[in-house]
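Hi everyone, thanks for making time.

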Amino acid sequence: MKEISNAELAVLNVLWKTSPIGATEVIAELAHRQQMHEKTVKTLLNRLVKKSAIGFEKQGRAYLYYPLIAQSDYQLKEGQSFIERVFAGKVAPLVAGFAKENKLSAEDIAELKALIDNWEEEK
């Protein structure tokens with residue numbers, strides 16, 4: 001998977017939410033949320049097509065775009081990369097840092113406990 005910039009990720013987030021959709025809808029969403037210019041969005045769409053991160057189909061005179069990368073696959077790759085770079089591949093310091101700063105909600109803690117329980121049962 002090729003590197004995806006933050007601006008390209010904004011486009012992917014729109015497509016993960018709703019697809020296939022036309023460039024006009026992507027432009028409208030990003031103009032509203034991130035104040036991106038139409039030409040910028042079209043450039044980002046073209047870059048993502050070249051990176052094989054999104055695909056398109058022609059419908060009449062319009063192009064409908066859709067993601068070729070699953071959001072969960074992207075999140076896993078980026079999460080692993082972040083943990084490798086910043087925490088030497090260890091997850092515990094990341095979670096401990098959030099816990100120390102009270103950034104974990106009760107829901108987060110319950111999810112983490114369930115994940116650990118499931119992992120232990122599988123071992």
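I'll start with the overall fold, then go to the aromatic rings, and finish with a few spots in the backbone.

Before anything else, keep in mind that this is a predicted model.

Okay, the overall picture. There are six helices and three strands in the chain. If you trace the elements from the N terminus, you read α-β-α-α-β-β-α-α-α. Now, the radius of gyration is 18 Å, while the globule rule gives 14 Å for 123 residues, so the chain is more spread out than a compact globule.

What about the inside and the outside? Of the 123 residues, 24% count as buried. The accessible surface of the chain is about 8900 Å², and carbon and sulfur atoms account for 52% of that. As for contacts, take the ones between residues at least 6 apart in sequence: 48% of those join residues at least 24 apart.

A quick word on charge. The chain has 17 positive and 17 negative charges.

Next up, the aromatic rings. In general, you describe a pair of rings by the distance of the centres and the angle of the planes. This structure holds four aromatic pairs. One of them is F56 with Y63: the centres are 5.2 Å apart and the planes sit at 75 degrees, so we call that pair edge-to-face. F56 also pairs with Y65, with centres 6.1 Å apart and planes at 50 degrees, so that one is tilted. Put together, ring pairs link F56, Y63 and Y65 into a cluster.

So which of these residues are buried and which are exposed? Y65 has a relative accessible area of 9%, so it counts as buried. F56 is partly exposed, at 39%, and Y63 is partly exposed too, at 35%.

Last topic: the backbone. As a reminder, most residues other than glycine have a negative phi, and most peptide bonds are trans. Here are some places to look at with that in mind.

Start with the peptide bond from S19 to P20, which is cis, with omega near 0 degrees. Where does P20 lie? You'll find P20 in the loop between α1 (6-17) and β1 (21-22).

Then there's Q35, where phi is positive, near 55 degrees, in a residue that isn't glycine. Q35 is in the loop between α2 (23-34) and α3 (38-50). With a relative accessible area of 71%, Q35 is exposed.

Further along we get to N102. Phi of N102 is near 55 degrees, again a positive value in a residue other than glycine. N102 sits in the loop between α5 (92-100) and α6 (106-122). Its relative accessible area is 69%, so N102 counts as exposed.

Conventions: Residues are numbered from 1 along each chain as its sequence is written. This is a predicted model: local features need pLDDT of at least 70, side-chain atom pairs count only at pLDDT 80 or more; totals for chains, interfaces and linings use all residues. Side-chain values use heavy atoms; hydrogens and water are left out. Helices (H or I, at least four residues) and strands (E, at least two) are DSSP runs, numbered from the N terminus. The radius of gyration is taken over C-alpha atoms; the globule rule is 2.2 Å times the number of residues to the power 0.38. Buried means under 20% relative accessible area, exposed over 50%, partly exposed in between (1.4 Å probe, protein chains only). Contact means heavy atoms within 4.5 Å. Accessible areas come from the Shrake-Rupley method with a 1.4 Å probe; for residues, only the protein chains shown count as cover. Lys and Arg count as positive and Asp and Glu as negative; His and the chain ends are not counted. The place of a charge is taken as NZ of Lys, CZ of Arg, CG of Asp or CD of Glu. Rings of Phe, Tyr and Trp (its six-membered ring) pair if their centres lie within 6.5 Å; planes under 30 degrees apart count as stacked, over 60 as edge-to-face and the rest as tilted.
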